[in-house]
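Please work through each task before reading its solution.

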Amino acid sequence: MQNKYLYRVFRLRRLLVTCLVIMFSGWLAGELLFGRADLLSNIIARTGVAAACLAITTGLVVVYPRVWWETVCAALVLGLLLMFLSPLETLPEYMSSDDGVMAMLWTLFIVIFGAIFLWLGLYLTMFVLFAIPSQFMRDKSRVSVPLSADETFEILRMKPDSDDGFSATGLADADGFFTTSFEINTFDPGTYLPATEVMTVRTRIVEEGECFQLIMSGCEIDGDIRYELQELNVEQKKGRSVCTTVTQKNESNLFESIGFWIQDFGSDHLLSHLMTAQGENSACIRDMPYRSPMYDLARYFENRKGDSGSHNPG
């Protein structure tokens, strides 16, 4: 799929569906609990709100494909607003101002800023998911490409002393371990701008057969040794090759596991490897610059602070 925007929507369809379910479940729960809001009393208004929910979610997926939690948090906020829309409509009645317009404006102000702070609060709850281990979960990925199984396996299999443009490996030592280096997209913590970084892991081929390979790789992260086992299988089916990987890590958490599944990152990684090795321009999410709504906000306020600090009234 060459169009990068369509590819993002297709690859992140699980995220898109999850967010839509969250929002419309909140809407339905609100109507069951509090009755239908006056703002949604006619079919035109309901259609417009539904279209807006779809547009907002799709927009976040297209603009920020590398992150998923911020998009889920936005869906939760919208779902809660739709759920409590009927009670929120009654807020102006409790305000002391005699000016109905001002009461409406204050209500709108409260709702907007309340939604922003709720989004920020929900964003921080990701640390709860970080604290829940999931090392017994296996990440499974599957992708079908119009290549022969032998050709596909030759591209994807790990081998020492090679460089296919996607990853570079060194010579194997006496124990069979060799270094594997690849480039990842990340961000600069000082400027919050997208950046790239070269990551290196130690790899060993545990078992290999016809269109099958089991490898072990490990690296040190924050003082902890983390390793994973990855099984690669490639099968020929109706003129196409079906690539399947199963990965198990010794240390993982629920946030990583959910993110891996909801972004379908494993299949995206396989496609990125195949396209890069064949010299094609990749539209894969893995190869997109790392952008996040949170980092864009941080960069915006950092720039505003810099502009204010450099102002010289004299």
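A residue is called buried under 20% relative accessible area, exposed over 50% and partly exposed in between, with a 1.4 Å probe and protein chains only. The model is predicted, so that local features need pLDDT of at least 70 and side-chain atom pairs pLDDT 80 or more, while totals for chains, interfaces and linings use all residues. Residues are numbered from 1 along each chain as its sequence is written, and side-chain values use heavy atoms, without hydrogens and water.

**Exercise 1.** Determine whether Cys-19 is buried or exposed, and which cysteine sulfur is nearest to its own.

Solution. Step one: Cys-19 has a relative accessible area of 0%, and is therefore buried. Step two: a disulfide is a pair of cysteine sulfur atoms within 2.5 Å, and by this rule the count is zero. Step three: the nearest cysteine sulfur to Cys-19 belongs to Cys-73, 9.3 Å away.

**Exercise 2.** Identify the residues through which H8 touches H10.

Solution. Step one: helix H8 spans residues 149–156 and helix H10 residues 265–277, and they pack at about 95 degrees with axes 10 Å apart. Step two: H8 is therefore roughly perpendicular to H10 (65 to 115 degrees). Step three: contact (heavy atoms within 4.5 Å) involves Thr-152, Ile-155 and Leu-156 of H8 with Leu-270, His-273, Leu-274 and Ala-277 of H10.

Conventions:
Axes are lines fitted to C-alpha atoms, for helices over the stretch in contact, and angles run from 0 to 180 degrees between N-to-C directions. Helices (H or I, at least four residues) and strands (E, at least two) are DSSP runs, numbered from the N terminus. Angles under 35 degrees count as roughly parallel, over 145 as roughly antiparallel, 65 to 115 as roughly perpendicular and the rest as oblique.
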